Structures are given as C-alpha cells and as structure tokens.
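Please find my notes on the model below, as numbered points.

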Amino acid sequence: MITSPNTFSEQVKEIRKQLGLTQEALAHELGVSFSTINRWENAKTTPFKMARKQFDTFCKKMEKQ
C-alpha cells in the first residue's frame, strides 16, 4: 500500500529519497543550508513562506523532468 506523506517533514524526506539526493544536495538545490534540510526532515522547524515556495517550485520542476 502506497501512502502519501502527511507532514511537511515526511514530504521533504520522501521527495529527497525519490530523487536520490542527500540532504546536502537538496540544500544546495534549494539554496538553503544542510542543517535547514535536516531540521525540516526531523520536524524541528518548518520553512518560512519564501523557503516553502522554493521547495514547492523545485518539486514542480522535478515533476516535469
């Protein structure tokens, strides 16, 4: 059974794994620090609007490829 991620932290982790990226590589793609991605994935923080928009734009770009 395939389930979709329920939380933002699960979503970040799932997308990163599907793309075969490390946390560091995803951070580079989004223009944020490794620690930011790590905190998102571990649900320690959530992104500000601008970072969330960057993440959503990145996801849409990856869907088209």
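1. Helices α2 and α4 are roughly perpendicular to each other, a class that covers angles of 65 to 115 degrees, with under 35 counted as roughly parallel, over 145 as roughly antiparallel and the rest as oblique. Helix α2 spans residues 23–30 and helix α4 residues 49–64; they pack at an angle of about 100°, with their axes 10 Å apart. Axes are lines fitted to C-alpha atoms, for helices over the stretch in contact, and angles run from 0 to 180 degrees between N-to-C directions. Helices are DSSP runs (H or I, at least four residues), numbered from the N terminus.

2. On the α2 side the contact (heavy atoms within 4.5 Å) is made by Leu 26, Glu 29 and Leu 30, and on the α4 side by Gln 54, Phe 55 and Phe 58. Of these residues, four are nonpolar, one is polar and one is charged.

3. This is a predicted model, in which local features need pLDDT of at least 70 and side-chain atom pairs count only at pLDDT 80 or more, while totals for chains, interfaces and linings use all residues. Residues are numbered from 1 along each chain as its sequence is written, and side-chain values use heavy atoms, leaving out hydrogens and water.

4. Ala 43, which follows α3, has a positive phi, near 55°.

5. There are two aromatic pairs, counted where ring centres of Phe, Tyr or Trp (its six-membered ring) lie within 6.5 Å; planes under 30 degrees apart are stacked, over 60 edge-to-face and the rest tilted. Phe 8 and Trp 40 pair edge-to-face, at 5.5 Å centre to centre and 70° between the planes. Phe 8 lies in α1 and Trp 40 in α3, so this pair ties together parts 32 residues apart in sequence. Trp 40 is buried, with a relative accessible area of 3%.

6. Phe 8 and Phe 55 are also edge-to-face, at 5.3 Å centre to centre and 75° between the planes. Ring pairs link Phe 8, Trp 40 and Phe 55 into a cluster.

Conventions. Helix = DSSP H or I, 4+ residues; strand = E, 2+ residues; numbered from the N terminus. Nonpolar A, V, L, I, M, F, W, Y, C, P; charged D, E, K, R; others polar. Buried < 20%, exposed > 50% of the residue type's maximum accessible area, 1.4 Å probe, protein only.
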